Amino acid sequence: VVARKAAAVSRATSIQARQRALDSSRTAGIRAAESRMAMAKDRSRAAQQAVEASRAAAQTAALNLERQAKLLEQGLTSQRALELAQLESVRTTTEVERALATLQAAQGEELALASDRARVEHDLTAAIDDAHAAEAVALADEASTAAELARLEVRLARQSTMELRAPMDGTVLRVLSGQGNAFVKSGDPLLVLVYLGLAVLLSWK
């Protein structure tokens, strides 16, 4: 029982240390995930600003292209100027598409990191809950063995002070059982007593 109690105490202590380690891991994991989420959010914000800027540039290029086309009809500009305006319009339109793709990627990364944070918290919280359950079992086992040990100590204390008296005077010829820390039950023979020249068998009642 003593060994069982010591094992239960050791197990509870080990589980408590594991709980502290898991708590630290959860805190560190969540902080790291939130830091990555914050950086992803910054990238999404920058990508959104790039989209807005490219759209503004594309709109300006489109207006200039339209203006150059009208001026060419009136003979007020050259074909070269119109071609340059067309190239600029194509370039800015491509920039809008590129900026939109970058924004989509940044937003996808942001969502993935949010999911990763939730997974980290869920997994470590589940592990901590399991550790709490294991700790409860270990503490219950510790309490049970402590109570059992206390009962045994009380029984041993009572036995150590128990005095057996024979019903008559005589000489102990032989001790049959009950020596040392042995347990006896009702009806067990204890010793042979010589009384008035007769051997008398005494048993526990």
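Ala131 is in contact with Ile15, Arg18, Gln19 and Leu22, leaving out residues up to four places away in sequence. In this predicted model, Ala131 is one of the residues of the largest nonpolar core. The protein has 2 helices and 3 strands, and along the sequence these follow the pattern α-α-β-β-β.

**Overall make-up**

- Of the 205 residues in the protein, 21% are buried.
- The protein exposes about 14000 Å², and carbon and sulfur atoms supply 57% of that area.
- Taking contacts between residues at least 6 apart in sequence, 64% join residues at least 24 apart.
- Helix α1 covers residues 2-73, and helix α2 covers residues 79-160.

**Nonpolar cores**

- In soluble globular proteins, nonpolar side chains tend to be buried together.
- The largest nonpolar core here has 9 residues: Ala12, Ile15, Leu22, Val120, Leu124, Ala127, Ile128, Ala131 and Ala138.
- Helices α1 and α2 are the elements that give two or more residues to this core.
- Helix α2 gives the most to this core, with 6 residues.
- Another core, of 5 residues, lies apart from the largest one, and includes Ala47, Val51, Ala99 and Leu103.

- Gln68 is part of helix α1.
- Gln68 has a relative accessibility of 10%, so it counts as buried, the cut-off being under 20%.
- Beyond its neighbours within four places in sequence, Gln68 is in contact with Thr77, Ala81, Leu82 and Ala85.
- Glu110 belongs to helix α2.
- Glu110 also counts as buried, because its relative accessibility is 18%, and the cut-off is under 20%.

- The protein has 14 salt bridges by the rule used here.
- Arg11 and Asp141 form one through their side chains, at 3.0 Å from N to O.
- This pair links distant parts of the chain, with Arg11 in helix α1 and Asp141 in helix α2, 130 residues apart.
- Both ends of the pair are partly exposed: Arg11 has a relative accessible area of 35%, and Asp141 has one of 26%.
- Lys41 and Glu110 form another salt bridge, in which the closest N and O atoms are 2.8 Å apart.
- Here too distant parts of the chain are linked, since Lys41 is in helix α1 and Glu110 is in helix α2, 69 residues apart.
- Lys41 is partly exposed, with a relative accessible area of 41%, whereas Glu110 is buried at 18% relative accessibility.

- The side chains of Asp42 and Arg45 meet in a salt bridge of 2.8 Å, N to O.
- Both residues lie in helix α1, where Asp42 and Arg45 are 3 residues apart, about one turn of the helix.
- Asp42 is partly exposed, with a relative accessible area of 43%, and Arg45 is partly exposed at 43% relative accessibility.

**A salt-bridge network**

- Arg36, Asp116, Arg119 and Asp123 are linked to one another in a network of salt bridges.

Note on methods. Residues numbered from 1 in each chain as written. Predicted model: local features only at pLDDT ≥ 70, side-chain atom pairs only at ≥ 80, totals over all residues. Heavy atoms only, no water. Helix = DSSP H or I, 4+ residues; strand = E, 2+ residues; numbered from the N terminus. Buried < 20%, exposed > 50% of the residue type's maximum accessible area, 1.4 Å probe, protein only. Contact = heavy atoms within 4.5 Å. Areas by Shrake-Rupley, 256 points an atom, 1.4 Å probe, with all protein chains shown as cover. Core = buried A, V, L, I, M, F, W, Y, C linked by side-chain atoms within 4.5 Å. Salt bridge = Lys/Arg side-chain N within 4 Å of Asp/Glu carboxyl O.
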